[in-house]
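Here is a short report on one protein chain. Look at the sequence and the model first, then read on.

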Amino acid sequence: MRAVVLVPLVRAVARSIGRRQHAYVQNVIIVGSGKVARLVEDKIRKRIKLGQKSYLEEAIKRRRITSGLLREAIFVNDPVVTPVMESAVEHLARGLANLYNILDPAAIVLGGGVVEALGDW
């Protein structure tokens, strides 16, 4: 009986808190891919430092990983980038599903260079 009462109560509290956030505008959650891209880049760098071979090895030594480089690495099925991106996408999807269930927004908008570069991948 308590769970039946607590779930709607917790959901209502979470919605009221979430709706005060700047990213929650008119019942829409806006998510940028900048932080996700930096986390992905850090994981790729760590794996390459551990000796795993990657399409991006030379690019990483010279500069930051861009969304275009990620796209190229994924489409050549890079053994480092592909599993890292699959994991990132799975975690992002779970997080967004949880946000959707708690806040019940009308829409969730994903944006940023990585999202645009990878499209429907």
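## Val 115 and its contacts

Val 115 touches Ser 33 and Leu 110, leaving aside residues up to four places away in sequence. Contact here means heavy atoms within 4.5 Å. Val 115 sits in helix H6. Val 115 counts as partly exposed, at 28% relative accessibility. Buried means under 20% relative accessible area, exposed means over 50%, and partly exposed lies in between (1.4 Å probe, protein chains only). Along the chain, Val 115 and Ser 33 are 82 residues apart, yet their C-alpha atoms are separated by 6.6 Å.

This is a predicted model, where local features need pLDDT of at least 70 and side-chain atom pairs count only at pLDDT 80 or more, while totals for chains, interfaces and linings use all residues. Residues are numbered from 1 along each chain as its sequence is written, and side-chain values use heavy atoms, with hydrogens and water left out.

## The chain as a whole

The protein chain has six helices and three strands. Helices (H or I, at least four residues) and strands (E, at least two) are DSSP runs, numbered from the N terminus. From the N terminus on, the order is α-β-β-α-α-α-α-β-α.

The chain has 121 residues, and 29% of them count as buried. Take the contacts in the chain with a separation of 6 or more: residues 24 or more positions apart account for 68% of these. Gly 119 lies in the segment after H6 and is exposed, at 53% relative accessibility.

## Helix H2

Helix H2 covers residues 34-49. At 1.5 Å a residue, its 16 residues should span 22 Å, and the end C-alpha atoms are 23 Å apart, which agrees. The expected span is 1.5 Å times one less than the number of residues.

Which residues of H2 are buried? They are Ala 37, Val 40, Glu 41, Ile 44 and Ile 48. Seen down the axis of H2, these buried residues fall within an arc of 105 degrees, so they line one face of the helix. The arc is that of the directions from the helix axis to the C-beta atoms. An α-helix has 3.6 residues a turn, so residues three or four places apart point the same way. On the other side of H2, Lys 35, Leu 39, Lys 43, Lys 46 and Lys 49 are exposed. The cover over the buried residues of H2 includes H3 (57-62), H4 (67-75), H5 (81-103) and H6 (113-118).

## Where H2 meets H5

H2 and H5 pack at an angle of about 145 degrees, and their axes are 10 Å apart. Axes are lines fitted to C-alpha atoms, for helices over the stretch in contact, and angles run from 0 to 180 degrees between N-to-C directions. From H2, the residues Val 36, Val 40, Lys 43, Ile 44 and Arg 47 take part. From H5, they meet Val 81, Pro 83, Val 84, Met 85, Ala 88 and Leu 92. By class, this contact has nine nonpolar, no polar and two charged residues. Ala, Val, Leu, Ile, Met, Phe, Trp, Tyr, Cys and Pro count as nonpolar; Asp, Glu, Lys and Arg count as charged; the others, Gly among them, count as polar.

The 23 residues of H5 should span 33 Å at 1.5 Å a residue, and the end C-alpha atoms are 32 Å apart, which agrees. The buried residues of H5 are Val 81, Thr 82, Val 84, Met 85, Ala 88, Leu 96 and Leu 103.

In H4, the buried residues are Gly 68, Leu 69, Leu 70, Ala 73 and Ile 74. They pack against H2, H3, H5 and H6.

## Positive phi after the helices

Most residues other than glycine have a negative phi. Asn 77 is not a glycine, but its phi is positive, about 60 degrees. Asn 77 lies in the loop between H4 and H5 and is exposed, with a relative accessible area of 54%.

Asp 104 is not a glycine either, and its phi is positive, about 50 degrees. Asp 104 has its place in the loop between H5 and strand E3 (107-111). At 34% relative accessibility, Asp 104 counts as partly exposed. H2 is followed by Gly 51, with a positive phi near 105 degrees.
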